[in-house]
Amino acid sequence: MFTNLRPHLLVYIACVCLCIIAFAPSLAVCQGELKSGVIALCFDGDTVKLTDRRVVRLAGIDTPELHNGKEKPQYYSREALEELTSVARGKTVRLIAVDDQEKDRYGRFIADVILPDGRSLSEFMITRGAAYVYPHKGLNEHFIERLRMLQIKAIAERRGMWGHILTMPAARNTYIGNRQSRRFFSANNLIVQDIKPRNRVLFGTLMDAFTAGYAPARPSPFWPVEK
């Protein structure tokens, strides 16, 4: 059927076909699907290890730090781990790529982890008030917005950690956010001076910052530790 085509056109068609074959695996990743797996254990409220040894960070969320003995665990870190373990351990899960980067700087896969019943672990943790939204560059904006709306509801109903975090004296303080990083700082933090004026966002209370979908910068001096 190609006998009447010019030689250079035949070469072009052949090259296109070879490119499609060569990039087929990458196209699958771009469509959002990564290799599924079984959750062997949960390190904390936002990181799991699969039986094939892959470590996966739940996309779009962060939870209080356990610190593993170096420092006192942050408030609600153990509860977050228990929440995740109870629903996820031993389950076969699908991994949906929602980030421009497949892995973070620590070599962990970044994914929206989906349970057999279709629930997203990131959404589950936000809904339970066991995690907060953690946006960053390259993460799907629609995904982050969905988490933010769930977080607003969890905050309004004071679920999980919100019942205590938002009643602390520090919750009434003023905070400054950075539009570029979507992190917020205490207003008296010296780092605020390095934020360009056009990128500064004023939050009258801690709830305002979390409701806007900003995440606390580390370290977070206002966050209490376990007693």
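## Aromatic pairs

Two rings of Phe, Tyr or Trp, the last taken by its six-membered ring, form a pair if their centres lie within 6.5 Å. The structure is a predicted model, and the count by this rule is 10 aromatic pairs.

A pair of aromatic rings is described by the distance of the centres and the angle of the planes.

## Tyrosine 132 and phenylalanine 210

The ring centres of tyrosine 132 and phenylalanine 210 are 5.6 Å apart and the planes meet at 55°, so this pair is tilted. The two residues come from distant parts of the chain, 78 residues apart. Tyrosine 132 belongs to strand S7 (residues 132-133), while phenylalanine 210 belongs to helix H7 (residues 206-211). Both tyrosine 132 and phenylalanine 210 are buried.

## Tyrosine 175 and phenylalanine 184

For tyrosine 175 and phenylalanine 184, the centres are 5.6 Å apart and the planes stand at 80°, so the pair is edge-to-face. Tyrosine 175 has 1% relative accessibility and therefore counts as buried. Phenylalanine 184 has 2% relative accessibility, so phenylalanine 184 also counts as buried.

## The cluster

One aromatic cluster is formed by Tyr132, Trp162, Tyr175, Phe184, Phe210, Phe222 and Trp223.

## Charges over rings

Arginine 54 places its charged end over the ring of phenylalanine 109, at 5.7 Å from the ring centre. Over the ring of tyrosine 134 sits the charged end of arginine 57, 5.6 Å from the centre of that ring.

How values were computed
Residues are numbered from 1 along each chain as its sequence is written. This is a predicted model: local features need pLDDT of at least 70, side-chain atom pairs count only at pLDDT 80 or more; totals for chains, interfaces and linings use all residues. Side-chain values use heavy atoms; hydrogens and water are left out. Rings of Phe, Tyr and Trp (its six-membered ring) pair if their centres lie within 6.5 Å; planes under 30 degrees apart count as stacked, over 60 as edge-to-face and the rest as tilted. Helices (H or I, at least four residues) and strands (E, at least two) are DSSP runs, numbered from the N terminus. Buried means under 20% relative accessible area, exposed over 50%, partly exposed in between (1.4 Å probe, protein chains only). A charge sits over a ring if NZ of Lys or CZ of Arg is within 6 Å of the ring centre and within 35 degrees of the ring normal.
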